[in-house]
Amino acid sequence: LNVAFHTAWTNGEVWLAALRAAAPEIEFRHWPDVGDPATVDVALVWNPPRELFGGMSRLKLVQVLGAGVDALMRSEVLPAGVPIARLVDPVMSQRMAEYALYGALRFHRQFDRYEAQRQATVWQRHDHLDPPDVSVGVLGAGEIGMTAARLLQSNGYDVACWARSVRDPGPISVFAGREQLPAFLARSRVLVCLLPLTAETRGILGRETFAALPRGAFVINAARGEHVDVPALLEALDAGQLDGAMLDVFAPEPLAAESPLWRHPKVLVTPHVAGISHLATSVEYVVDQLRRFGSGEAVRNIVERERGY
Ligand code: NAP
Ligand code: GLV
C-alpha cells in the first residue's frame, strides 16, 4: 500500500516516524517526494495544497488527519468519486470537551470578571449561579458535540444539543433542524459551537442567533472561524446582549494582529488549540483505517460529500 503523507503542521517528520514505526508494512512517502504519483493508493493529509492530488490517477482513498474536512471539501482539485475519511479520536474529542467545560466554568464562576478586577486591583465578590441553573446549548451532536455535552452534564450543567437530524430521546435532549433552533437558542445561557463548517452552518454565530439567546449569554466557538460573523459578535458584546466570548478558531488563521478580538475585554482568544490531534491515538486510528482499506474492509467515518461533513 503506497501512502502519500502531507501535513501543514511543522512536526510532519514526527508523525511520519510514528506512522512508519506502527505500520512497517505500509509505504509512507512524504509529499512531494512520492515518486510516480500514479502509484499512490491513499493520500493522508491535513490542509493539502492544490497541487497535491496532481497525477494520482490510482488514488482510492483520502484519509484526513483532522476531524473537520471543510478545507478539503472546498479544494478545487479534490478527486471526484474518491472517498474521504475523517479522523475520529476520543482523545481529541475529550480535549474539545474540556475546552467547552472551561468556557462554561469561566462564564458561570465569572473568572473573566475577576481577571479584570485583578488588573484593577479590585477586591470584590459577586454572586454566581450553580451549574444546574446554567443552561448550556451545544451546536452539534456529533463525536465532539456529544462528548462535550456529556462532560458538561456530568458537571451538573443543564445541557441540550442541536443537530440536523431528529434522534430518539436519550439522556441529553437534542433539538433538530432550523425549526427547533429558536427554542434551542432561547434556553442557551452558554452556547458552544461544535458544528462542521458547511454551506448551511457558515455564519451561524451571527445577528439572528445572538438576538435569540437569553440576554447576557456567553458564546464559545471551537469549530471554525467562518461560523462567526465577527462584526455581529462585536455588536452583541458591546450592546450587552452577550456577556462574553471564547474563540479558538478564526478566518483566516492566524488571527490578524489588528483584529479587535485580541483586545476586546469580553473576548478570550486561543490559537486553534481546543482539540489538537493527539499523535499516539491518531496514528493508531489511521493505521487501523489503512489496514482496513488494504484488506478490503470498510473504512470508518467516510464523509458524505453531499451534506459536506
Ligand atoms: P461530526 O461527528 O460530523 O458531528 C457534526 C454534528 O453537527 C452532527 O451532530 C450533525 O448533525 C451536526 N450538524 C451538521 N450540520 C448541521 C446543520 N446544518 N444543522 C444542525 N446540525 C448540523 O463532527 P465532529 O467530529 O463532532 O467535529 C465537529 C467539528 O469540530 C469539526 O468539523 C471541526 O470543524 C471542529 N473541530 C475543531 C477543532 C479545534 O481544535 N478547534 C478540533 C477538532 C474539530 P447530525 O447528527 O444530524 O448529522
Ligand atoms: C481541527 O481543527 C480538526 O478539525 O481536526
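User: In strand 5, which residue does Q63 stand opposite?

Analyst: Start with the rule: two strands pair if DSSP finds at least two bridges between them. Helices (H or I, at least four residues) and strands (E, at least two) are DSSP runs, numbered from the N terminus. In this predicted model, Q63 stands opposite A85 of strand 5. Strand 4 (residues 61-64) and strand 5 are paired in the parallel sense, over 2 bridges.

User: What should I know about the model and its numbering?

Analyst: The model is predicted, so local features need pLDDT of at least 70 and side-chain atom pairs count only at pLDDT 80 or more, while totals for chains, interfaces and linings use all residues. Residues are numbered from 1 along each chain as its sequence is written, chains are lettered from A and ligands numbered from 1 in the order in which they are written, and side-chain values use heavy atoms, with hydrogens and water left out.

User: What is the strand order in the open sheet of 5 strands?

Analyst: The order is 2-1-3-4-5, with parallel pairing. Strand 2 (27-30) and strand 5 (84-85) are at the edges. Each has a single partner strand, so one side of each lacks a neighbour in the sheet.

User: Which strands does helix 1 touch?

Analyst: Contact means heavy atoms within 4.5 Å. Axes are lines fitted to C-alpha atoms, for helices over the stretch in contact; angles run from 0 to 180 degrees between N-to-C directions. Helix 1 (residues 12-22) packs on this sheet and touches strand 1 (2-7), strand 2 and strand 3 (42-46). Its direction makes about 170° with that of strand 2. Helix 10 (residues 279-294) also packs on the sheet, touching strands 1, 2, 3, 4 and 5. The direction of helix 10 makes about 170° with that of strand 4.

User: What is the order of the open sheet of 7 strands?

Analyst: Read it as 8-7-6-9-10-11-12, with parallel pairing. Strand 8 (173-176) and strand 12 (267-269) are the edges; each has a single partner strand, so one side of each is without a neighbour in the sheet. Neighbouring strands here are turned by 15° against each other on average, direction ignored.

Within this sheet, strand 6 (residues 135-139) and strand 9 (residues 190-193) pair in the parallel sense over 4 bridges. G137 stands opposite L191 in strand 9. Helix 3 packs on the sheet, touching strands 9, 10, 11 and 12. Its direction makes about 160° with that of strand 10.

User: Why is strand 11 largely enclosed by the rest of the structure?

Analyst: In strand 11 (residues 242-247), 5 of the 6 residues are buried, so the rest of the structure largely encloses it. Strand 10 (residues 217-221) runs parallel to strand 11, joined by 5 bridges. The bridge partner of F218 in strand 11 is G244.

Helix 8 (residues 230-238) lies across strand 11 and strand 12, at about 140° to strand 11. Its buried residues are A232, L233, L234, A236 and L237. They pack against helix 7 (207-212), strand 11, helix 9 (260-263) and strand 12. Just after helix 8, G240 takes a positive phi of about 80°.

User: How many residues are in the largest nonpolar core?

Analyst: In soluble globular proteins, nonpolar side chains tend to be buried together. A nonpolar core is a set of buried Ala, Val, Leu, Ile, Met, Phe, Trp, Tyr and Cys residues joined through side-chain atoms within 4.5 Å. Here the largest has 73 residues; F28, V62, V136, V138 and L152 have the most contacts inside it. Helix 3 (residues 90-108) gives the most to this core, with 8 residues. A second, separate core of 31 residues includes F175, L181, L213 and F250.

User: How many disulfides does the structure hold?

Analyst: A disulfide is a pair of cysteine sulfur atoms within 2.5 Å. The structure holds 0. The sulfur of C161 has its closest cysteine sulfur 12 Å away, in C193, too far for a bond. C161 counts as buried because its relative accessibility is 0%. C193 is also buried, at 0%.

User: How many helices and strands does the chain have?

Analyst: The chain has 10 helices and 12 strands. Buried residues make up 51% of its 309 residues.

How values were computed
Buried means under 20% relative accessible area, exposed over 50%, partly exposed in between (1.4 Å probe, protein chains only).
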